[in-house]
Amino acid sequence: MIGADINAIAEQLKNYDGEEVRIMEVCGTHTAAISENGIPSMLSPKIKLISGPGCPVCVTVTAVIDKLVELSMREDTVVLTFGDLIRVKGTNKSLADAKADGAHVKMVYSPMETVTMAEKDPDHTYVFAAIGFETTAPVYANVLNEAVNKGLDNVKLLTSLKTMPQVIRWVVNNGGGIDGFIAPGHVAAITGSDIFKALSEELGLPFVVSGFEGEQLLLTIYALLRMKGNKGIKNLYKSVVTSEGNIKAKEMVDKYFEPSDASWRGMGKIQGSGLVLKKEYEKFDAGSRDLDEDHMPPGCSCASVLVGKIKPSDCPMFGKMCTPDNAHGACMVSTEGSCYNYFVSGRK
């Protein structure tokens, strides 16, 4: 399909004049790739791309940030995190603010550094901010596996792990007005594309698993356009995604984690949409349960942006009081956030 047909497909997408079609991507990397490849400018105005709750940092409630800040202020504790999360504000401050006040916060490039640091420094507890979806859950399971095998008691996780099917159902059932989904390629690489099969049947909507190159995204949008009004799943990322997914990764996750209810920014608590450590591994939990409170910064519209109720550019703060250099909401902080990507690409 790629090659000789792509120009014809691109022309059809540009000239489409049928009923309006609303397509949602639920992967932060897709959000970034859509902007980087200039995909919206290649589409008819009748094809609307909606950014959904696919950025893990963006959907994390402030109670999680507040707990990380609290932990970082302890003399015997070091909080480890990826770069994006450091600048996300909790109720009163971010981890960057806490670090400026003398808290123990370190940015790392791999969660496995938690084990290395803990092994070298038994006098401190190392807490990793385990934020993410099904994609990163196996990595955090591997961290625990290493800690267990090495007999380390000073490794802990503060988890805010979410799962995709339940939040997609929530968006559709709460007035999302979505006609089809660009299924998250990275998530599907772990879970398998079949995870969306029952959801497609239940909702009567099409799902297309996509890669991240410009041509792949155009083909995915074209496939969803052709499938409008019908249920079904297509996998256009077969080089990475299979129907059953990564069996070993799923087994590792199942060893350490179990499903739970989870709180999402802008959506509240969604039943069965999260993962928490199993009871037998609770000693590795830094206090992840019941972190539900969420305090949006005054004037921030992230809650509405995340579920596709408004575009980022519709937020009164967008590009004015809220920019990547002075981000008020998490959607402008993260490079996977829809507000950030609208801003840097000039999308309207």
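Trainee: Which residues do ring pairs link into a cluster?

Mentor: Phe 82, Phe 128 and Tyr 140 are linked by ring pairs into a cluster. Rings of Phe, Tyr and Trp (its six-membered ring) pair if their centres lie within 6.5 Å; planes under 30 degrees apart count as stacked, over 60 as edge-to-face and the rest as tilted. This is a predicted model, in which local features need pLDDT of at least 70 and side-chain atom pairs count only at pLDDT 80 or more, while totals for chains, interfaces and linings use all residues. Residues are numbered from 1 along each chain as its sequence is written, and side-chain values use heavy atoms, with hydrogens and water left out.

Trainee: How many aromatic pairs does the structure hold, and what describes such a pair?

Mentor: A pair of aromatic rings is described by the distance of the centres and the angle of the planes. The structure holds eight aromatic pairs. One of them joins Phe 128 and Tyr 140, with ring centres 5.7 Å apart and planes at 45°, so the pair is tilted. This pair links distant parts of the chain, 12 residues apart: Phe 128 is in strand β5 (residues 125-132) and Tyr 140 in helix α7 (residues 137-150). Helices (H or I, at least four residues) and strands (E, at least two) are DSSP runs, numbered from the N terminus.

Trainee: Is Phe 128 buried or exposed?

Mentor: Buried means under 20% relative accessible area, exposed over 50%, and partly exposed in between (1.4 Å probe, protein chains only). Phe 128 has 0% relative accessibility and therefore counts as buried. Tyr 140, at 1%, is buried too.

Trainee: What are the distance and angle for Phe 196 and Phe 207?

Mentor: Phe 196 and Phe 207 are 5.6 Å centre to centre with 15° between the planes, a stacked pair. Phe 196 lies in the loop between α9 (185-191) and α10 (197-203), and Phe 207 in strand β8 (residues 206-209), 11 residues apart. Phe 196 is buried, with a relative accessible area of 0%, and Phe 207 is buried at 0%.

Trainee: Where is Thr 60, and which residues is Thr 60 in contact with?

Mentor: Contact means heavy atoms within 4.5 Å. Thr 60 sits in the loop between β2 (47-51) and α3 (62-72). Leaving aside neighbours within four places in sequence, Thr 60 is in contact with Ile 65, Ile 131, Ser 160 and Arg 265. Thr 60 counts as buried because its relative accessibility is 1%.

Trainee: How many helices and strands does the protein chain have?

Mentor: The protein chain has 15 helices and 11 strands. Of its 348 residues, 55% count as buried.
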